[in-house]
Amino acid sequence: MKKVTVVGGGFAGLTVALKLAQKGFKVHLHEKSARLGGLLGTEYGEFGMAERAANSMILTDRSEKLFKEIGLDLTFPLESSKKRFIFRGFPKAMPLNPFEILKVAFTVIPRVLFAKASLKPNAGETLKDWGLRRLGKAATTYLLGPAMQGIYANESQDLSASLIISPLFKKDREKFRGTISGPQGMQDIVDYLHATLQQLDVEIYLESDIDVSNVDGPVVIATSANAASNILTKCAPEISKILARVNMSSLISTTVFFDKAQTKYKGFGCLIPRGLKLRTFGVLMPPYIFAGRNKNYNETWIMGGKNNQDLLNYTDKDLLDLISKERKSIFKRQDSILDAKIFRWNQALPVYDLELEKIQQELSQSPALAAKDVFLHGNYLSGIGLSKILERSERLSEEIASQHG
Ligand SMILES: Cc1cc2nc3c(=O)[nH]c(=O)nc-3n(C[C@H](O)[C@H](O)[C@H](O)COP(=O)(O)OP(=O)(O)OC[C@H]3O[C@@H](n4cnc5c(N)ncnc54)[C@H](O)[C@@H]3O)c2cc1C
């Protein structure tokens, strides 16, 4: 039985280990920290649960299959989660006025019908420039910018249109059918993956700092880009240098439990456009997304990104004061805080910027890794979200099987 080493026990490492073990490989999984899951996980406290990072995963055929394979029940969102708000004076389901909607419709619909290719972004074009060119100012500021900053945790002028928009034109693109989680939150996914890997005899080493230059057989590096750069310093210095150029940004996810429920705006959450002197990217409303998350009313406030790194140095009190101040502007409410769970993710997420566009190109053309039987995996390669990471786990395991099966 051929051995494969997987380095990193986040969602990328766990899912690629699963796919490889299912193909009959003997998998050794090395995780540097004392727990599996990486960014993924849930904390349970007196006032309710708080997600450490991701609060749900996109439902695709692949993610549904994954849940089945690991024996985890799919938890579907509540009807209320279908409503999503964007702040423009107050939270609005549609932030554009009728004139702006008509303008977008007249610009975009003819292109979608008769000249779809003209909507494709240019290489080296920022998301903001693409939006201004193809959708106009209002739609870029109040729809495209907030929506993408909600996923990529950075502002549209710092994002690459090609990395974000081009995949939407792919013919074999997976259909998005909503969002899912586990009954006890995202920690369920980690726990059920862990249990399934044990059943498949995957050897899991926690607190392991493995030197990959001494490993025989294929190696999958499933860590963040900056960790991958460090891991490859000795065995693939040229790739290590390329990966060191990936810009990373920090995020803070704060779940705040309040003494009273906010009932005026019931939905998935509210995104906050830039340029309004508000520092929050978005507010999630867990009690209105999944059942059983309403022990005490809570909201998850997401802040950070490349232009807000200073927030990482805020004390808990400063952060909660900022949230209370911005909450007053957004929801016009001042409720007492019962408890808060703050997760600071320092340099945790890749910035999907123009530099990453170049880096992905360089990596795809470099023979250095193939020669060394090293495969890269993680959220800086083919998408930041879990469904995209899962797709890559499947593709990578097929590639390794075709070379070593
Ligand atoms: C606040 C926030 C909210 C998010 N919300 C969503 C969401 O709702 N939906 C969604 O789909 N995505 C969301 N994401 C993105 C998603 O959570 C991440 O992209 C994904 O979890 C990354 O998984 P990963 O395995 O690639 O990396 P990580 O989770 O970073 O895992 C990498 C692992 O590698 C380990 N490691 C590092 N160095 C070494 C080493 N030398 N040896 C061994 N192990 C090592 C680390 O300890 C870690 O466990 C969110 C992210 C954040 C921060």
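Visitor: What relative accessible area does Arg 88 have?

Guide: It is 22%, so Arg 88 counts as partly exposed. Buried means under 20% relative accessible area, exposed over 50%, and partly exposed in between, with a 1.4 Å probe and protein chains only.

Visitor: What should I know about the model itself?

Guide: This is a predicted model: local features need pLDDT of at least 70, side-chain atom pairs count only at pLDDT 80 or more, and totals for chains, interfaces and linings use all residues. Residues are numbered from 1 along each chain as its sequence is written, and side-chain values use heavy atoms, with hydrogens and water left out.

Visitor: Back to Arg 88. Where does it lie?

Guide: In strand E6, residues 84–88. Helices (H or I, at least four residues) and strands (E, at least two) are DSSP runs, numbered from the N terminus.

Visitor: Which polar contact does its side chain make with another side chain?

Guide: One with the side chain of Glu 100, at 2.8 Å. The Arg 88 side chain also has a polar atom 2.9 Å from the backbone oxygen of Pro 95. A polar contact is a pair of N or O atoms within 3.5 Å; within protein, one must be able to donate a hydrogen and the other to accept it, and residues adjacent in sequence count only if both atoms are side-chain atoms.

Visitor: Which residues does Arg 88 touch, leaving out those up to four places away in sequence?

Guide: Pro 95, Leu 96, Asn 97, Glu 100 and Tyr 142. Contact means heavy atoms within 4.5 Å.

Visitor: Switching to the ligand. How many residues surround it?

Guide: There are 32, and the closest are Glu 31, Leu 39, Ser 56, Ile 384 and Leu 386. A residue is near a molecule or strand if one of its heavy atoms lies within 4 Å of it.

Visitor: How much of the ligand's accessible area does the protein cover?

Guide: 87% of the 1000 Å² that the ligand has on its own. These areas come from the Shrake-Rupley method with a 1.4 Å probe; for residues, only the protein chains shown count as cover.

Visitor: Which elements each supply at least two residues of the shell?

Guide: Helices H1 (11–22), H8 (225–231) and H14 (386–404), plus strands E11 (248–258) and E15 (337–350).

Visitor: New topic. How is the chain divided into domains?

Guide: Domain 1 is 3–40 + 185–246 + 352–404, and domain 2 is 96–169. The bounds come from an automatic or database domain assignment. Their centres, taken over C-alpha atoms, are 32 Å apart. Seven residues of domain 1 are in contact with twelve of domain 2.

Visitor: How many residues does the largest nonpolar core have?

Guide: It has 48 residues, and Ile 164, Ile 221, Leu 232, Ile 239 and Leu 376 have the most contacts inside it. Helix H5 (137–152) gives the largest share, six residues. Domain 1 and domain 2 both give residues to this core, so it lies between them. A nonpolar core is a set of buried Ala, Val, Leu, Ile, Met, Phe, Trp, Tyr and Cys residues joined through side-chain atoms within 4.5 Å.

Visitor: Last one. Is Thr 300 buried or exposed?

Guide: Buried, with a relative accessible area of 7%. Thr 300 is in strand E14, residues 298–304. Its side chain makes a 2.9 Å polar contact with the side chain of Thr 255. Thr 300 also touches Thr 254. Thr 254 is in strand E11 and is buried, at 0%.
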